[in-house]
Amino acid sequence: MKALASFSAFVGKTFALWVILFAVLGFLFPDVFKQVAPYIVILLGIIMFGMGLTISLDDFRELSRRPVEVAIGVVAHFVIMPALALLLTRIIPMPPEVAAGVILVGCCPGGTSSNVMTYLAKGDVALSVACTSVTTLAAPVVTPFLVWMFASQYLPVNAWAMFLGILQVIILPLALGFLAQKLLPRLVRTATPILPLLSVVGIVLIVAAVVGVSKGAIAQSGLLIFAVVVLHNGLGYLLGFFAAKAFGLNLYKRKALAIEVGMQNSGLGAALATTYFSPLAAVPSAIFSVWHNISGALIANYFSGREDDGEEKSIVIE
């Protein structure tokens, strides 16, 4: 068990490399990974169950302790990323399915990788975790509404079915994980060290499956989609940082919100796109999953060397 926990920690630290590797494998051996595609929703459910095993009430105490800061992060996330997605689909010509996929990933909640990147950036991890938790819990209502509002011009959107789907694939597994944590604490504590391995396996299989199913589309439009994803992600970091700055938050908190806004739950995007749109619409989410782990590590490395002289990290907006 100790060896497995050590391997899990290693895999978690090298997450971005595994995502890139399996994206390449999905492209080179599409027939192998196409077989995983029907299980994308189940894989995401397993990932969210693992997240539920690690959620604590302390994560939500930040919401009551500093509601204004958490609200800034949540609103910035659900305003900036969907608006950027819509803008990019308007100014860059792309197929309707790709446009819908770009908007979908822009409307997803925050990705759990943002918490790790915020830690590496020496930012406010508690604020990052609180924002991720709130955007995830809000996703069943907010994500279908935003997708319906922005993406229905490209493809038909069944917001009600998407709402039910997110409840099943996000909220139910989270709740079951949290319940297991309370009912079986010793077993959960034993299993916790291997959760990074579980999450990485789930995400890389989702990415490989989407890439495998959409190999032809990626070969034809991959560079265009990659450019859109890079712009979307990069502008998300930038606008998230300046939104936090506009509200007077110090650098410690601006780091957290920049990363929180720029990083998405792209696994959810891929699952929803595959289920409600098409495999091609899932490609932006798959590429986003690869890219934001690379860019997140780069921006975390940059931020880690920047400190606010004379500002206390404990400053809180009441």
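**Pockets and a helix pair**

Reader: Which helix gives the most to the lining of the largest pocket?

Author: α4, with 6 residues. The model is predicted: local features need pLDDT of at least 70 and side-chain atom pairs 80 or more, while totals for chains, interfaces and linings use all residues. Residues are numbered from 1 along each chain, and side-chain values use heavy atoms, without hydrogens or water.

Helices are DSSP runs (H or I, at least four residues). A pocket is an open set of points on a 1 Å grid that fit a 1.4 Å probe, with protein on both sides within 12 Å along at least five of seven lines; lining residues have an atom within 4 Å of a point.

Reader: Which residues lie nearest its centre?

Author: Of the 42 lining residues, Thr112, Ser113, Val116, Pro196 and Ser199. Elements giving two or more residues include α1 (2-13), α4 (40-54), α9 (125-151) and α16 (279-304).

Reader: How does that lining divide?

Author: Into 19 nonpolar, 21 polar and 2 charged residues. Asp, Glu, Lys and Arg count as charged, and Gly as polar.

Reader: What about the second largest pocket?

Author: It is lined by 13 residues, with Ala23, Val211, Ile218, Phe226 and Ile287 closest to its centre. α2, α12, α13 (215-246) and α16 each give two or more. That lining has 12 nonpolar residues, 1 polar and no charged.

Reader: Different topic. Which residues of α6 meet α13?

Author: Ile80, Met81, Leu84, Ala85 and Leu88, with heavy atoms within 4.5 Å counting as contact. Their partners in α13 include Val228, His232, Gly236 and Ala243. The residues of this contact divide into 10 nonpolar, 3 polar and no charged.
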